[in-house]
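These are my notebook entries from a first look at one structure. I wrote down what I looked up, in the order in which I looked.

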Amino acid sequence: VEANRLWISGIDLLDGTPILDIKPYVPYADVIESATNTIASAAPQLIPVQWTDTALQQARGHAQRLQEPLVELIEQCLAQDPRPAYQTPVPEREYGAQFWDLDVRWHYPTPELIRVLEVIPAKG
C-alpha cells in the first residue's frame, strides 16, 4: 500500500483490469457453510513442471530484472494445468502466456508433464 494505491503482482489479471471490493476476510460474515460449486469443487491436481536449461536461465535473468520470484510463479501457474480440460496435448503443440513483459512457452512431453521451453521478451 502506497499513497492511496494498492500494488498487486503475481496474480492472474490483465493490465488495467479493475479490482473491486477489496476487504479483509471476515470469518463470521464471509463463510457460507452450505455453499457448493460444481465447476471447481476441489483444488486442481498439480502436475510436475520441468524446465529446459535455456528457459530456466532466461527466467532467472528476468527474475532479477523484475525483482520477482519468476521461476516459482511460473511453476505455480503451470502446475495447475492451464490447458482446456477437453484437450489431450500432443508433444508437438506449444502453449504460451504472457507474464509481465515476457512470453512463456511450454509443451506437454506427456499429458502429465509440462516442460517450459523459453521465457523471452514479449513482442510489441
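I began with Trp100, which is partly exposed at a relative accessible area of 33%, where partly exposed lies between buried (under 20% relative accessible area) and exposed (over 50%), with a 1.4 Å probe and protein chains only. I found Trp100 in the loop between β2 (94–99) and β3 (102–110), and I noted that its phi is positive, about 50°, although Trp100 is not a glycine.

Before going on I noted that the model is predicted, with local features needing pLDDT of at least 70 and side-chain atom pairs counting only at pLDDT 80 or more, while totals for chains, interfaces and linings use all residues. Residues are numbered from 1 along each chain as its sequence is written, and side-chain values use heavy atoms, with hydrogens and water left out.

I then looked up Gln67, another residue other than glycine with a positive phi, here near 55°. Gln67 sits in the loop between α2 (53–66) and α3 (70–78), and with a relative accessible area of 71% it is exposed.

Next I turned to the overall fold. I listed 3 helices and 4 strands in the protein, taking helices (H or I, at least four residues) and strands (E, at least two) as DSSP runs numbered from the N terminus. Along the sequence, the elements follow the pattern α-β-α-α-β-β-β.

For the dimensions, I noted a radius of gyration of 18 Å, whereas a compact globule of 124 residues would have one near 14 Å; the radius is taken over C-alpha atoms, and the globule rule is 2.2 Å times the number of residues to the power 0.38. The C-alpha atoms fill a box of roughly 50 × 40 × 20 Å along the principal axes.

I recorded that buried residues make up 24% of the 124 residues. Of the contacts (heavy atoms within 4.5 Å) with a separation of 6 or more, 49% come from residues 24 or more positions apart.

How far can I trust what I read? I checked pLDDT, the predictor's confidence in each residue, from 0 to 100, and found an average of 85, with 91% of the residues scoring at least 70. Confidence is lowest in helix α1 (residues 27–30), at a mean of 75, and highest in strand β1 (residues 49–51), at 97. I keep in mind that where pLDDT is low, the predicted coordinates should not be read in detail.
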